[in-house]
Amino acid sequence: RVTFALLETISVPTLLMTGDADMYAPPPIMRMFAGHVKGATGGVSPEAGHSGYWEQPEFFNRTVLDFISKH
C-alpha cells in the first residue's frame, strides 16, 4: 500500500510520469505524490492517458533519457 509516509522514505532520484488525460493518476495527483518524494521530478505527457509511453513515445523517451542523463 502506497502511503505518504512510505513515499517520504524514497531516497533515490525519482521520475514520476503521467498523461494530461490520465484518469487513473491525473497530473494533480502525481504532483501531490511528487511533493512527498524528496527531489522528485515530474513529467506530464501531452495528449496522453495512462499509457504515455505508448501514446506519446517520443515525449516519454526524451523525458526519461533527460532524467537519466542528469543522474
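1. A residue counts as exposed when its relative accessible area is over 50%, as buried when that area is under 20%, and as partly exposed in between. Glu 47 comes out at 67% relative accessibility, so it counts as exposed. The loop between S2 and helix H3 (52-55) holds this residue. Its backbone deserves a look too. Glu 47 has a positive phi of about 55 degrees, although it is not a glycine. Bear in mind that this is a predicted model.

2. Now the overall fold. The protein has four helices and two strands. From the N terminus on, the order is α-β-α-β-α-α. The radius of gyration is 12 Å, close to the 11 Å that the globule rule gives for 71 residues, so the protein is as compact as a globular protein of that length. The C-alpha trace spans about 30 × 30 × 15 Å along its principal axes.

3. Next, burial and surface. Of the 71 residues, 27% count as buried. The protein exposes about 5100 Å². Carbon and sulfur atoms supply 61% of that area.

4. On charge, there are 5 positive and 7 negative side chains. The centres of the two sets lie 11 Å apart.

5. Contacts along the chain come next. Take those between residues at least 6 apart in sequence. Of these, 64% join residues at least 24 apart. Two C-alpha pairs illustrate separations of that kind. Thr 63 and Met 17 are 46 residues apart along the chain, with 9.0 Å between their C-alpha atoms. Ala 40 and Ser 11 are 29 residues apart along the chain, and their C-alpha atoms are separated by 9.5 Å.

6. Helix H2 covers residues 27-34. Which of its residues are buried? They are Pro 27, Met 30 and Ala 34. These three cover an arc of only 60 degrees around the axis, which puts them on the same side of H2. An α-helix has 3.6 residues a turn, so residues three or four places apart point the same way. What do the buried residues of H2 pack against? Their partners are strand S1 (15-19) and strand S2 (41-45).

7. Thr 63 sits in helix H4 (residues 57-70). Is this residue buried or exposed? At 16% relative accessibility, Thr 63 counts as buried, because the cut-off is under 20%. Setting aside neighbours within four places in sequence, Thr 63 is in contact with Leu 15 and Met 17.

8. Ala 40 is in the loop between H2 and S2. Its relative accessibility is 23%, so Ala 40 counts as partly exposed. Which residues does Ala 40 touch, not counting those up to four places away in sequence? They are Thr 14 and Ala 34. Ala 34 is also one of the buried residues of H2.

9. Pro 26 lies in the loop between S1 and H2. At 24% relative accessibility, Pro 26 counts as partly exposed. The C-alpha atoms of Pro 26 and Gly 49 are separated by 8.5 Å. Along the chain, these two residues are 23 apart.

Notes:
Residues numbered from 1 in each chain as written. Predicted model: local features only at pLDDT ≥ 70, side-chain atom pairs only at ≥ 80, totals over all residues. Heavy atoms only, no water. Rg over C-alpha atoms; globule rule 2.2 N^0.38 Å. Buried < 20%, exposed > 50% of the residue type's maximum accessible area, 1.4 Å probe, protein only. Contact = heavy atoms within 4.5 Å. Areas by Shrake-Rupley, 256 points an atom, 1.4 Å probe, with all protein chains shown as cover. Lys, Arg positive; Asp, Glu negative; His and termini not counted. Charge placed at Lys NZ, Arg CZ, Asp CG, Glu CD. Arc of directions from axis to C-beta.
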